[in-house]
Amino acid sequence: MTVGIIGIGLIGGSLAISLKESGMEVRVIGMDASQENLDKAVRRRLIDEDAPLETGVPRCDVLVLATPMDAMLDLLPRLLDMVGPQQTILDVGSTKETLLTGVKHHPRRGRFVACHPMAGTEFSGPEAAVPNLFSGKTCVLVDTQDSDADAVDVAKRVFATAGMTFTHLDSRAHDLHCAYVSHISHIASFALALTVLEKEKDEQRIFELASSGFGSTVRLAKSSPDMWVPIFRQNRDHVLDVLDEHIEQLSRFRTQLIKRDFDGFHERIRHANQITKILT
C-alpha cells in the first residue's frame with residue numbers, strides 16, 4: 001500500500017510511524033506546504049519521500065488529509081477532483097459539518113471517508129510525531145453512509161492497524177460532542193494560562209510554584225493557534241453553547257465564594273467528582 005500523508009505534523013507523522021511499525025508493507029509519500037517540514041520528516045524517516053500534490057496524489061492508494069481545518073476546506077475538493085475510483089481519501093480533522101457540506105454534491109464524494117482519531121498531544125510539527133499515539137484510542141467515522149463501502153473498509157484497515165477502535169456519528173453530532181469534550185478543554189486551558197500570566201508577573205514564581213496539577217491543567221495551552229483557531233471558527237456555534245455553560249459554572253463558584261457558601265462549594269465539587277465514574 002502506498003499512503004500519501006498531506007500535512008506532516010503530529011497526527012500525520014504519528015500515523016506514518018504506526019503504519020511503518022505495524023509490519024504492514026507500506027510506502028509513505030509526504031506532501032506539505034512547508035519543505036522544512038518535509039525535510040524533517042525525511043530525516044526522521046517518517047516518510048520515504050516527499051512530492052508535490054500533482055505528482056504525489058496519483059501514486060497513492062490512500063491519501064490522509066492531516067492539515068489544519070481551514071486548509072482542508074480548500075484541499076479536499078481538489079483531491080476529490082484528482083483521485084480515481086480505486087483511491088481513498090481520509091481526513092483526521094476535529095470538525096466535520098462544514099467540511100462535509102462543502103463536498104456533499106461532489107461526484108466523487110464516495111471516495112472520501114471522514115475520520116477523527118481521538119488522539120493527540122499539545123505539540124505540533126513533524127518533531128512531535130510519536131509511536132503508539134493511536135493505540136487503544138477511538139476513531140470516529142462520520143457520515144459513512146455517504147462513503148463507498150470499500151473506502152470505509154480501507155479507513156478501518158488503516159486506523160485498526162494503528163491500534164484504534166471505532167464509533168460512528170453523523171457530522172452534526174460529532175461537532176457537538178467534540179465541542180463538549182475537546183474544544184472547551186482547550187479554551188479553558190488557554191484562558192487559565194492567560195489568567196496566570198496576567199496576575200503573576202514573576203515568571204520565576206510560576207516556574208517554582210507550579211504543581212503537577214497546574215501543569216496538567218494548562219498543558220493544552222501549549223497547543224498551536226494555527227491548528228485551533230480554524231477549529232473554533234468552523235465549530236463556532238457549538239463552542240459558544242458550551243462556553244456559555246462553562247462561564248455560568250464559573251460564575252456560580254464565584255457567587256458561592258462571595259457569599260462564603262462553602263457547604264454549597266463542597267456539594268458542587270462532590271458533584272464534579274462524578275466525572276471520575278465516566279472516565280475510569
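The structure is a predicted model, in which local features need pLDDT of at least 70 and side-chain atom pairs count only at pLDDT 80 or more, while totals for chains, interfaces and linings use all residues. Residues are numbered from 1 along each chain as its sequence is written, and side-chain values use heavy atoms, with hydrogens and water left out. Helices (H or I, at least four residues) and strands (E, at least two) are DSSP runs numbered from the N terminus.

**Helix 10 and its surroundings**

- The axes of helix 4 (residues 69–82) and helix 10 (residues 225–234) come within 7 Å and cross at roughly 70°; axes are lines fitted to C-alpha atoms, for helices over the stretch in contact, and angles run from 0 to 180 degrees between N-to-C directions.
- Helix 4 and helix 10 are therefore roughly perpendicular to each other (65 to 115 degrees; under 35 counts as roughly parallel, over 145 as roughly antiparallel and the rest as oblique).
- From helix 4, M69, D70 and L73 meet P230, I231, R233 and Q234 of helix 10, where contact means heavy atoms within 4.5 Å.
- The residues of this contact comprise four nonpolar, one polar and two charged (Ala, Val, Leu, Ile, Met, Phe, Trp, Tyr, Cys and Pro count as nonpolar, Asp, Glu, Lys and Arg as charged, and the others, Gly among them, as polar).
- Where helix 10 starts, the backbone nitrogen of D226 has a side-chain oxygen of S224 within 3.1 Å.

- Eight strands form an open sheet in the order 3-2-1-4-5-6-7-8, with mixed pairing; two strands pair if DSSP finds at least two bridges between them.
- Strand 3 (49–50) and strand 8 (165–169) stand at the edges with a single partner strand each, so one side of each has no neighbour in the sheet.
- Strand 1 (residues 2–6) runs parallel to strand 2, joined by five bridges, and I6 has M31 as its bridge partner in strand 2.
- Strand 2 (residues 27–31) is largely enclosed by the rest of the structure, because four of its five residues are buried.
- Strand 1 also runs parallel to strand 4 (residues 62–65), through four bridges, and V3 stands opposite V62 in strand 4.
- Helix 1 (residues 10–21) lies across strand 1, strand 2, strand 4 and strand 6 (112–117), at about 165° to strand 1.

**Two loop residues**

- A119 is located in the loop between strand 6 and strand 7.
- Apart from neighbours within four places in sequence, A119 is in contact with I11, L133, F134 and K137; A119 and L133 are 14 residues apart in sequence and 6.5 Å apart in space, C-alpha to C-alpha.
- S147 lies in the loop between strand 7 and helix 6 and counts as buried because its relative accessibility is 10%.
- The side chains of S147 and R109 are joined by a polar contact of 3.4 Å (a pair of N or O atoms within 3.5 Å; within protein, one must be able to donate a hydrogen and the other to accept it, and residues adjacent in sequence count only if both atoms are side-chain atoms).
- A polar atom of the S147 side chain lies 2.5 Å from the backbone oxygen of F112.

Notes
Buried means under 20% relative accessible area, exposed over 50%, partly exposed in between (1.4 Å probe, protein chains only).
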